[in-house]
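Please read these notes with the structure open beside you. They are written for someone new to reading models.

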Amino acid sequence: MDGYRVECVIAVVSVLIFSPVAHSWGVDGHLTVCRIAQSRLSKAAADAVMKLLPESAEGDLGSECSWADRVKFRYHWSSALHYIDTPDDLCTFQYNS
């Protein structure tokens with residue numbers, strides 16, 4: 001095999017190996033996003049979240065954020081709870097800092 005073909009084979013194999021990882025958040029991604037989100041909650045929202053979290057979470061929202069990943073294959077009805085697709089023209093959220 002010439003050098004070009006070897007490079008092509010390496011590129012294709014790399015894409016096949018790393019694509020699943022690159023296209024998913026995984027537990028660490030969910031944990032990170034939820035911890036950042038929890039740190040940005042208002043006092044009232046943080047208090048409400050604390051009331052909703054189970055004792056096992058020990059006040060850490062991140063520990064519960066991968067729930068949808070854990071149950072979506074066992075409880076197939078829950079897959080729709082995992083995400084929402086909203087067309088850009090329907091999103092009316094306005095962020096005011």
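Predicted model: local features only at pLDDT ≥ 70, side-chain atom pairs only at ≥ 80, totals over all residues.

1. A disulfide is a covalent bond between the sulfur atoms of two cysteines. Here the partners are Cys-34 and Cys-65, and their sulfur atoms are 1.7 Å apart. The pair qualifies because the cut-off is a sulfur separation within 2.5 Å.

2. The bridge between Cys-34 and Cys-65 links distant parts of the chain, the two residues being 31 residues apart. Cys-34 belongs to helix α2, which covers residues 26–39. Cys-65 sits in the loop between α3 (43–52) and α4 (67–71).

3. Are these cysteines buried or exposed? Both Cys-34 and Cys-65 are buried.

4. Why is the disulfide called left-handed? The torsion about the S-S bond of Cys-34 and Cys-65 is about -115 degrees, so the label is left-handed.

5. Gln-38 is also a residue of helix α2. Setting aside neighbours within four places in sequence, Gln-38 is in contact with Met-50, Leu-53, Gly-59, Asp-60, Leu-61 and Gly-62. From Gln-38 to Val-49, 11 residues apart along the chain, the C-alpha atoms are separated by 8.6 Å.

6. Which backbone atoms does the side chain of Gln-38 approach? One is the backbone oxygen of Gly-59, reached at 2.9 Å. Another is the backbone nitrogen of Leu-61, which lies 3.0 Å from a polar atom of the Gln-38 side chain.

Terms used:
Residues numbered from 1 in each chain as written. Heavy atoms only, no water. Helix = DSSP H or I, 4+ residues; strand = E, 2+ residues; numbered from the N terminus. Buried < 20%, exposed > 50% of the residue type's maximum accessible area, 1.4 Å probe, protein only. Contact = heavy atoms within 4.5 Å. Polar contact = N/O pair within 3.5 Å; in protein donor to acceptor, adjacent residues only side chain to side chain.
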